[in-house]
Amino acid sequence: MSPAPQHLVIMGVSGSGKTTISTLLSEHLGWIAAEADEFHPETNIAKMSSGTPLTDEDRWPWLDSIRNWMDTQAENGRSTIVTCSALKRAYRDVLATASGEVHFVHLNGDAEVLSERMKTRSGHFMPASLLPSQISTLEPLADDEPGVVIDILHSPAEIAADILDRLNLPAN
């Protein structure tokens, strides 16, 4: 019997390296990966692009669509990796109901480091001006939530290796 599909939610504020780490983990594990940003309706993207933070009401349908994607993948026997800010416990509670086993990987770092990263990246709709709002909204991963907190000051390869080790995930 095959083990239940697993889901890694790579979480944290903008600029924490979610996409980079997700890509490395997907390549290592052979799991399908998705960016939570792909699940946002155009209204959410327009709001964030204009510098307006999303409300919880904006986020619930978005979170449901991410969880539904995870469910669909699990129903097809696939484990997943999804990047998602998952800033509040209530948001993570929605994602945690996906079929299979869900683990959160909180990429955590200093506000100055995050701000510098955001200033140097291109092609992303999230302006650096929203970082303080994200930081103030962030509810750190709680001890009773399945997952790990990882410091972003290491190289991407070291971060990915640490995640694999701490979650006891072998190569595919």
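**Note on helix packing and cores in a predicted model**

1. The crossing of helix 1 and helix 7 is right-handed, a term used when the near helix is turned clockwise from the far one by less than a right angle, with anticlockwise giving left-handed. Helices here are DSSP runs of H or I with at least four residues, strands are runs of E with at least two, and both are numbered from the N terminus. The axes of helix 1 (residues 18-29) and helix 7 (residues 156-166) come within 9 Å and cross at roughly 60 degrees. That makes helix 1 oblique to helix 7, given that angles under 35 degrees count as roughly parallel, over 145 as roughly antiparallel, 65 to 115 as roughly perpendicular and the rest as oblique. Such axes are lines fitted to C-alpha atoms, for helices over the stretch in contact, with angles running from 0 to 180 degrees between N-to-C directions. Thr20, Ile21, Leu24, Leu25, His28 and Leu29 of helix 1 meet Pro156, Ala157, Ile159, Ala160, Ile163 and Leu164 of helix 7, contact meaning heavy atoms within 4.5 Å.

2. This is a predicted model, in which local features need pLDDT of at least 70 and side-chain atom pairs count only at pLDDT 80 or more, while totals for chains, interfaces and linings use all residues. Residues are numbered from 1 along each chain as its sequence is written, and side-chain values use heavy atoms, with hydrogens and water left out.

3. As for the overall layout, the chain holds seven helices and five strands, arranged along the sequence in the pattern β-α-β-α-α-β-α-β-α-α-β-α. Of its 172 residues, 45% count as buried, that is, under 20% relative accessible area, as against over 50% for exposed and partly exposed in between (1.4 Å probe, protein chains only). Among contacts in the chain with a separation of 6 or more, 77% are between residues 24 or more positions apart.

4. The largest nonpolar core has 23 residues, of which Val9, Ile66, Met70, Cys84 and Leu95 touch the most other members; such a core is a set of buried Ala, Val, Leu, Ile, Met, Phe, Trp, Tyr and Cys residues joined through side-chain atoms within 4.5 Å. Two or more residues each come from strand 1 (6-11), helix 3, helix 4 (89-95) and strand 4 (101-108), and helix 3 supplies the largest share, five residues. Apart from this core lies another, of 18 residues, which includes Trp31, Leu107, Ile159 and Ile163.

5. Which residues of helix 2 are buried? In helix 2 (residues 42-49) they are Asn44, Ile45 and Met48. Seen down the axis of helix 2, these residues fall within an arc of 100 degrees, so they line one face of the helix, the arc being that of the directions from the helix axis to the C-beta atoms. The buried residues pack against helix 3 (56-75), whereas the face turned away from the buried side carries the exposed residues Glu42 and Thr43. Just after helix 2, Gly51 takes a positive phi of about 90 degrees.

6. Gln6 belongs to strand 1 and is buried, with a relative accessible area of 19%. Leaving aside neighbours within four places in sequence, Gln6 is in contact with Trp31, Ser79, Thr80, Glu101, His103 and Leu169.

7. Leu138 sits in the loop between helix 6 (131-137) and strand 5 (147-151). Although Leu138 and Leu87 are 51 residues apart along the chain, their C-alpha atoms are separated by 4.5 Å. Not counting residues up to four places away in sequence, Leu138 touches Met11, Val13, Leu87 and His106.
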